[in-house]
Amino acid sequence: MSADVSDGLQCAIEIIAPQGLKPRLTFHTFNLQPRKTCIEEDCCYDENLQFRGNYPESSTAFCGIDISSGNEFTFDSQQVVIYHYRHSSVTTCVWSAGLTFVSDPNCIPTEGGCTLEFNDISTYNWKSAGFNGTTEYPICSTCTQDMTGVSVSVASQMPNTMMYLTSESFNVGTPPVEGECTDDYIQINHLYGRSEKFCGSEPIYFTSPSSSFSLEFHSNYITPATGFDITMTMASYCAIDCHQDIQLMSGETYTVETPDFKKNIFTNLNCEYNFIAPEGKQIEIKKLITKVKVNTECTSDFLLVNGDGDRRYPMDTSTIICDDDTRINHLTTNTNNLLVAYQKTGLDSRGFKMIIRAT
């Protein structure tokens, strides 16, 4: 935005930021009439620019070269009015600035007091502080919940498990803008260093082949809402033998294939295989045949392989695959533990077949 006003013209520019954000002006040029000597001190008599909206007070006036190129003004309120007054016939004085909307810079989050409730062997509920469906959660707060240790405990009793997450109630911040959460949000950190953000009031539904994940909640102090009650279930695919813990003997060769490899009747699958060789041994993937739908960055359908026994499948020690290919001698693990996770979201993928050997 910019202005080059005529003699005596007063102009006002009103800015209203989206909910949960603050206006920020970054000046490119600023060259108004200089200050003059008034009764008690220098003042911006001939021309001035004022911000009406709590920065730093409504009566502050700028003129001359008070504002340098690159100077930023972030306002404390969601709404601000820029007021430009000229009492001079000089026509060469102009100003220009870029406008952006930013999160509240004064919000230093504190622990928000979220709670984790255990319901039965496989179901947990994570709730915002004081959740009752009507009371708003604390402003400018944050919560984290790492479910990795919890899910390992569950898996020891239910070895054939995946994770799916749904929201009994969800009202966090404002709806996403062009797919992005602009203020308060829930974030799910899951496999391969990936994360998903959720905001607004649309119900959450999220699945993962592994029950290793963490949750984060962040709020600013502009848009508190009634919060969330999220149900996390470690579900079983026992009927189709899709999750397995497999103990290997030294020198043993083992073949595993997903339920859809020969008969593609499943539209959605989340599977995880945990192979364990004797202590001090390694596991070789002698042959790997994949029939996984090619998709951008392997986001919807994928096969994940980790040779360090890390159920988070970090990017630096894991391989992600989404193609139709055959690999020979694909990998030898660094430990005695091989983890393989598979996800499909339609009929285009037909899983994988893997031949491994404990050495």
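Me: To begin, is glutamate 272 buried or exposed?

Reply: Glutamate 272 counts as buried, at 3% relative accessibility. Buried means under 20% relative accessible area, exposed means over 50%, and partly exposed lies in between, with a 1.4 Å probe and protein chains only. Please note that this is a predicted model, in which local features need pLDDT of at least 70, side-chain atom pairs count only at pLDDT 80 or more, and totals for chains, interfaces and linings use all residues. Residues are numbered from 1 along each chain as its sequence is written, and side-chain values use heavy atoms, with hydrogens and water left out.

Me: Which residue meets glutamate 272 in a salt bridge?

Reply: The partner is arginine 311, at 2.9 Å from N to O. A salt bridge is a side-chain nitrogen of Lys or Arg within 4 Å of a carboxyl oxygen of Asp or Glu. This pair links distant parts of the chain, 39 residues apart: glutamate 272 is in strand 23 (residues 269-276), and arginine 311 is in the loop between strand 25 (302-306) and strand 26 (318-321). Strands (E, at least two residues) and helices (H or I, at least four) are DSSP runs, numbered from the N terminus. Arginine 311 is partly exposed, with a relative accessible area of 26%.

Me: How many salt bridges are there by this rule?

Reply: The count comes to 11. One of them joins aspartate 66 to arginine 35, with the closest N and O atoms 2.8 Å apart. Aspartate 66 lies in the loop between strand 7 (61-62) and strand 8, and arginine 35 in the loop between strand 3 and strand 4 (36-37), so the pair ties together parts that are 31 residues apart in sequence. Aspartate 66 is partly exposed at 32%, and arginine 35 is partly exposed at 39%. Another salt bridge is formed by aspartate 310 and arginine 312, at 2.9 Å from N to O. Aspartate 310 counts as buried, at 18% relative accessibility.

Me: Let us change topic. How many aromatic pairs does the structure hold?

Reply: It holds 16 aromatic pairs. Rings of Phe, Tyr and Trp (its six-membered ring) pair if their centres lie within 6.5 Å; planes under 30 degrees apart count as stacked, over 60 as edge-to-face and the rest as tilted.

Me: Which residues form the aromatic cluster?

Reply: Phe27, Phe30, Phe51, Phe62, Phe73, Phe75 and Trp95 form one cluster.

Me: Which residue lies over the face of tyrosine 83?

Reply: Arginine 52 does, at 5.2 Å from the ring centre. A charge sits over a ring if NZ of Lys or CZ of Arg is within 6 Å of the ring centre and within 35 degrees of the ring normal. Lysine 291 likewise lies over the face of phenylalanine 261, at 4.6 Å.

Me: Now the strands. How many residues of strand 13 are buried?

Reply: In strand 13 (residues 123-127), 5 of the 5 residues are buried, so the strand is largely enclosed by the rest of the structure. Thr123, Asn125 and Lys127 point one way, and Tyr124 and Trp126 the other way. Strand 12 (residues 115-118) is joined to strand 13 by 4 bridges, and the two run antiparallel. Two strands pair if DSSP finds at least two bridges between them.

Me: Finally, in what order do the strands of the open sheet stand?

Reply: The order is 21-23-28-25-26, and the pairing is mixed. Strand 21 (243-247) and strand 26 stand at the edges, each with a single partner strand, so one side of each is left without a neighbour in the sheet.
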